[in-house]
Amino acid sequence: NLSHEFITPINVIFSVIQLLENVDISDKDQLVSIYSKYKKPVKVNCLRIYRTINNIIDTLRLDYENIEMNFKNINIVELVEEIVTYIAKYSNNINIIFDTEFEERLVYFDPEHLERIILNILSNAIKYNKVNGNIDVIVKDKNEEVHIEVSDTGVGIPKDKKDIIFDI
């Protein structure tokens, strides 16, 4: 799995580089066309490698030291909406819908770690979804707790993995 998480995005980036090596650099129209067509996949795959590296670093930190948390009172609705809006730009043929039961809720949490968790969940929801599929992200109030629910039209998590998906 780990090699796949690196090899797939590197292959995409490398393919674009090979394509650019075969372009007549004096043909500005062709360069602009290729740049416009491939800048998004290159950026998305660079971000994918970046997230994978951060996940590896966090896993190693858990093994060797405590991860330092930086708790703050943050409007969780605003943060989740910003993440969803950002990811929606790169969701290629996936419809992402954000909804909330309230407009503002201050919650004491580490925004960087929550952002990484949500990005990983949304990344998997996109990766394992069907073409023109849907992802719903809803912030709900459950007995004075805030719940962030993510559902999608993808293949789902195998039953034998559901109990261990949050294990490290």
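**Before you start**

The model is predicted, so local features are described at a pLDDT of at least 70 and side-chain atom pairs at pLDDT 80 or more, while totals for chains, interfaces and linings use all residues. Residues are numbered from 1 along each chain as its sequence is written, and side-chain values use heavy atoms, with hydrogens and water left out.

**The whole chain**

Show the whole chain and colour it by pLDDT, which is the predictor's confidence in each residue, from 0 to 100. The average for the chain is 86, and 93% of the residues score at least 70. The chain has 4 helices and 5 strands, which follow one another from the N terminus as α-α-β-α-β-β-α-β-β; helices (H or I, at least four residues) and strands (E, at least two) are DSSP runs, numbered from the N terminus. Where pLDDT is low, the predicted coordinates should not be read in detail.

**The sheet**

Next, select β2, β4 and β5, which form an open sheet in the order β2-β4-β5 with mixed pairing. The edges are held by β2 (95-100) and β5 (145-152), each with a single partner strand, so one side of each is left without a neighbour in the sheet. Two strands count as paired if DSSP finds at least two bridges between them. Strand β4 (residues 134-142) pairs with β5 in the antiparallel sense over 8 bridges, and if you pick Val139 you can look for its bridge partner in β5, Ile148.

Asp141 lies in strand β4 and Arg105 in the loop between β2 and β3 (106-109), so the pair ties together parts that are 36 residues apart in sequence. A salt bridge here is a side-chain nitrogen of Lys or Arg within 4 Å of a carboxyl oxygen of Asp or Glu, and the structure holds 4 of these salt bridges.

**Helix α4**

Move on to Glu112 and Arg116, whose side chains meet in a salt bridge (3.6 Å, N to O). The two are 4 residues apart in helix α4, separated by about one helical turn. Glu112 is exposed, at 51% relative accessibility, whereas Arg116 is buried, at 17%; buried means under 20% relative accessible area, exposed over 50%, and partly exposed in between (1.4 Å probe, protein chains only).

**Two loop residues**

Finally, select Asn132, in the loop between α4 (111-127) and β4, and Glu144, in the loop between β4 and β5. Most residues other than glycine have a negative phi. Asn132, however, has a positive phi of about 60° although it is not a glycine, and phi of Glu144 is also positive, near 70°. Asn132 is exposed, with a relative accessible area of 58%, and Glu144 counts as exposed at 78% relative accessibility.
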